[in-house]
Amino acid sequence: TECVSGCVCPEGLFDDGRGGCVEEKDCPCTHNNQWYSSGQKIKVDCNTCTCQKGVWSCTDHVCYGTCMIYGSGHYITFDGKFYDFDGNCEYVATQDFCGDKKSSGSFSIITENVPCGTTGVTCSKAIKMFLGKTELKLENKEYKEIQRDVGDDVLYWNRTVGLYLVIEASNGVMLIWDKKTTLFIKLSPDYKGKVCGLCGNFDDKSNNDFTTRSGLQDTNALTFGNSWKQSPMCPDVEEVIRPCDLKPHRRSWAEKECSIIQSEVFEICHSKVDPIPFYEACVHDACSCDSGGDCECFCSAVAAYAQECTKAEACVFWRTPDICPIFCDYYN
């Protein structure tokens, strides 16, 4: 009807979203707000995706699941649900003794939580790993093995990788511990939907992760967490603790230190891993560790975000001689 000023691609070519025109076979793809040219590959978890004519084509390997427990009661389940739970007791992190199959389980991982600081938040102090008839107790930067009378023989290996102690078992269970308050549990795909505990059920759906010990689904992290305590003698957690409200003089320091997570230092990761829950967890931890070790709490919280960034292939060099230094010569 009338001319409209502007640019259009010539017949047969397509706008590539970056100001150019390409043939259909060269159309780019996007992932996490980044453009990729045709033929480029990216890794998503354990799968490789290739950009083909503007559409991602991915391999469909079934990946290991990872649950992360860190700092003052922060949990990220196998299915990616982020929640906080501050219980002062021993809790089932994950196990395959679930529901009707009670007798056929092969492993159980228990986390012992103790108060860290005076506000009432708790950190993981010790971990018990039951593999068949072997019990491993990880505490005070080392582990010891206890042999019990009942159960099968499950082989396991241990090794140190940088800061972490890694225990890998022949039944597809791996535990990675930083010898402080951070714990990663990795499970092979065979356990999908067959585990229970604070780490959820590993069925690729995060909306049903709050399944209590009795098998009921809950929406409340406290009810869910309380159901997984090992001893009925432990008190239930009745309320969510907000350490920055209890120690307001620490809030500004905590916010200033933790702002590194939202700063340009981590910029390449922001579009891949949402920084907000990690920032909030960091502020929570920096407020709560008020009886010594506050820098350790802050560093563990930032390291947790850095670890998720690395998983998303955004490698960030955030440690400096002033911020959470690590003496690599010592650890190597």
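Modeller: Secondary structure is taken from DSSP runs, where a helix is H or I over at least four residues and a strand is E over at least two, numbered from the N terminus. The model is predicted, so local features need pLDDT of at least 70 and side-chain atom pairs count only at pLDDT 80 or more, while totals for chains, interfaces and linings use all residues. Residues are numbered from 1 along each chain as its sequence is written, and side-chain values use heavy atoms, with hydrogens and water left out.

Biologist: In which element is T134 placed?

Modeller: T134 counts as buried, at 6% relative accessibility; buried means under 20% relative accessible area, exposed over 50%, and partly exposed in between, with a 1.4 Å probe and protein chains only. Setting aside residues up to four places away in sequence, T134 touches M129, E145, I146, Q147 and Y156, where contact means heavy atoms within 4.5 Å. The residue belongs to residues 134-139, which form strand β14.

Biologist: How far apart in space are T134 and D149, C-alpha to C-alpha?

Modeller: Along the sequence, T134 and D149 are 15 residues apart. Between their C-alpha atoms, the distance in space is 8.9 Å.

Biologist: What distance separates the centres of domain 1 and domain 2?

Modeller: The assignment gives domain 1 (14-58), domain 2 (65-227) and domain 3 (243-312); such bounds come from an automatic or database domain assignment. Taken over C-alpha atoms, the centres of domain 1 and domain 2 are separated by 38 Å.

Biologist: Which side chain of opposite charge is nearest to D209?

Modeller: D209 is placed in the loop between β19 (183-187) and α1 (221-227). Its contacts, not counting residues up to four places away in sequence, are T77, D79, K81, G200, N201 and F224. Lys and Arg count as positive and Asp and Glu as negative, with His and the chain ends not counted; a salt bridge needs a side-chain nitrogen of Lys or Arg within 4 Å of a carboxyl oxygen of Asp or Glu. D209 is buried yet has no salt bridge, and at 6.4 Å the nearest side chain of opposite charge is K81.

Biologist: Over the face of which residue does K81 lie?

Modeller: A charge sits over a ring if NZ of Lys or CZ of Arg is within 6 Å of the ring centre and within 35 degrees of the ring normal. At 4.8 Å from the ring centre, K81 lies over the face of F210.

Biologist: How many aromatic pairs does a search of the whole structure find?

Modeller: Rings of Phe, Tyr and Trp (its six-membered ring) pair if their centres lie within 6.5 Å; planes under 30 degrees apart count as stacked, over 60 as edge-to-face and the rest as tilted. With these limits, the number of aromatic pairs found in the whole structure is 13.

Biologist: What is the angle between the planes of F82 and F278?

Modeller: F82 and F278 pair edge-to-face, their centres being 5.1 Å apart. The pair links distant parts of the chain, 196 residues apart, with F82 in strand β10 (residues 82-84) and F278 in helix α5 (residues 276-288). F82 is partly exposed at 27% relative accessibility, whereas F278 is buried at 4%. The angle between the two planes is 90°.

Biologist: How many residues apart in sequence are the parts tied together by Y83 and F210?

Modeller: Y83 and F210 form an edge-to-face pair, 5.0 Å centre to centre with 85° between the planes. Because Y83 lies in strand β10 and F210 in the loop between β19 and α1, the pair ties together parts whose separation, in residues, is 127.

Biologist: What separates the closest N and O atoms of K125 and E112?

Modeller: The whole structure holds 14 salt bridges. In the one between K125 and E112, the closest N and O atoms are separated by 3.8 Å.
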